[in-house]
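Please consult the sequence and the structure shown below while reading.

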Amino acid sequence: MSSIYINEDLEAIRLGVREYVEKEIVPRADQWEADRAVPPEILDQMGKLGFFGLRIPEEYGGLGLGTIASVVFGEELGRSTYGGFSITVLVHTDLASPYVTNFGTKAQKEKYLPKFATGELITAIGVTEPDAGSDVAAMRTTARRDGDGFRINGTKMFITNGGIADVVFVAAKTNPDVKGSRGISIFAVEQGTDGFKTSRSLEKMGWHSSNTAELVLDDVWVPEDALIGEENRGFYYIMENFQNERLAIIGQGIGEAQRAIELTVDYVKERKAFGASLWSKQAIRQRLAMRQAELDAARELAYGAAWLTDQGEDTVRQVSEVKAFAAETTNRTIYDCVQFHGGMGFIAETAVERLYRDMRIHSIGGGATEVMLEEVAKRM
Ligand SMILES: Cc1cc2nc3c(=O)[nH]c(=O)nc-3n(C[C@H](O)[C@H](O)[C@H](O)COP(=O)(O)OP(=O)(O)OC[C@H]3O[C@@H](n4cnc5c(N)ncnc54)[C@H](O)[C@@H]3O)c2cc1C
């Protein structure tokens, strides 16, 4: 076993995802990067093969696994070296659909979860706005009661899968008169609802095959049963889901950095300079060894935080620590991997060049390093 936290079932899942990624994703994903999209057929196929149901309860067609499964799943998607593909999947499985799994009513679970598990419906999560990112409570989107439902107005920014999702979980202020965190609710807004549209898809430094959209909600009316969980509890739901979301993304980054080290070790063992391989230079192999040690530490911290989460503990401090540590570690690792590829590391045909662009968001998105360190400091 690779770690004390990983049992045989998780190891089997790891191998299943790895085989699938190597066979179906890696040979095709260059084209998806160029197309700026993961083909719907792939999401369909992954859903049918059961990859989207790892965290969905068995009674709704999933496997009902715990948080460590999300870390392992993230790692194996990350090893593909195509961050845009990985995040397309993880937003659906670990960032968005858990809103129904964790806080939805029985009717919402029956309506949505089986279709989320098979990929018949793909999801997104809309929290960030043009003027509210790290400071979630500063959001301006409103949802006011109107008849048997709510009328939503606002703009959501940087929404992964925003342009392709069938259901977007939109955070909005249902009580603008109280402290930000006390008056937010979450709504399931279905694609095709009047007034709900993608105003633009955003070009990015990396994650090219992932769709990142700006969404406009212009007098969008949703029925009462689109409200997820309790009214005005949305901020707490977001904070709770952040722990799972961060662990899945941490897994992705660790998988990406691990693959980058492997590719770099192979490269420097082959590449000759000054009469011998680059690997024969202590400065290079020791730096790679140190990066491997740091990455192993990040992985164990992530498993540990996931395990504690599954025991029902409050793990905000642990998850924040590992989010900051892993994001900085993986960035540093891939920086070195590009360095030791020399000029080839700067050429678009190498995986490390793409990983370098894709990695940059890990210390910004889903909780910037500084914001994570504040969460840790508050608890010190
Ligand atoms: C490609 C991409 C995909 C995304 N996908 C989604 C999605 O699906 N859904 C969604 O809701 N959001 C999504 N986001 C938004 C993402 O989570 C935010 O960008 C992130 O939370 C940071 O918010 P911001 O960009 O507004 O930065 P700001 O909040 O403006 O912060 C800018 C920088 O200031 C620093 N900073 C912020 N606060 C502090 C502090 N208290 N102390 C010290 N330094 C601080 C940090 O370095 C931070 O990077 C995505 C973003 C990108 C780029």
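How many residues of domain 1 are in contact with domain 2, and how many residues of domain 2 take part? In this predicted model, 25 residues of domain 1 contact 17 residues of domain 2.

## Domain layout

The domain assignment divides the protein chain into domain 1 (8–118), domain 2 (123–232) and domain 3 (235–378). Between domain 1 and domain 2, the C-alpha centres are separated by 22 Å.

## The side of domain 1 that touches domain 2

On this side of domain 1, two or more residues each come from helix 2 (29–35), helix 5 (83–96), helix 6 (98–103) and helix 7 (106–118). Helix 5 gives the most, with nine residues.

By residue class, the side of domain 1 that touches domain 2 comprises 16 nonpolar, seven polar and two charged residues.

## Packing of helix 5 against helix 8

Helix 5 also packs with helix 8 (residues 234–270), at an angle of about 155° and with the axes 10 Å apart. Because angles over 145 degrees count as roughly antiparallel, helix 5 is roughly antiparallel to helix 8. The two helices, helix 5 and helix 8, form a right-handed crossing.

From helix 5, the contact draws on G83, S86, L90, D94 and L95. Helix 8 contributes N244, E245, A248, I249, Q252 and E256. Sorted by class, the residues in this contact of helix 5 with helix 8 are four nonpolar, four polar and three charged.

Notes
Residues are numbered from 1 along each chain as its sequence is written. This is a predicted model: local features need pLDDT of at least 70, side-chain atom pairs count only at pLDDT 80 or more; totals for chains, interfaces and linings use all residues. Domain bounds come from an automatic or database domain assignment. Two residues are in contact if their C-beta atoms, placed from the backbone, lie within 7 Å. Helices (H or I, at least four residues) and strands (E, at least two) are DSSP runs, numbered from the N terminus. Ala, Val, Leu, Ile, Met, Phe, Trp, Tyr, Cys and Pro count as nonpolar, Asp, Glu, Lys and Arg as charged, and the others, Gly among them, as polar. Axes are lines fitted to C-alpha atoms, for helices over the stretch in contact, and angles run from 0 to 180 degrees between N-to-C directions. Angles under 35 degrees count as roughly parallel, over 145 as roughly antiparallel, 65 to 115 as roughly perpendicular and the rest as oblique. A crossing is left-handed if the near helix is turned anticlockwise from the far one by less than a right angle, and right-handed if clockwise.
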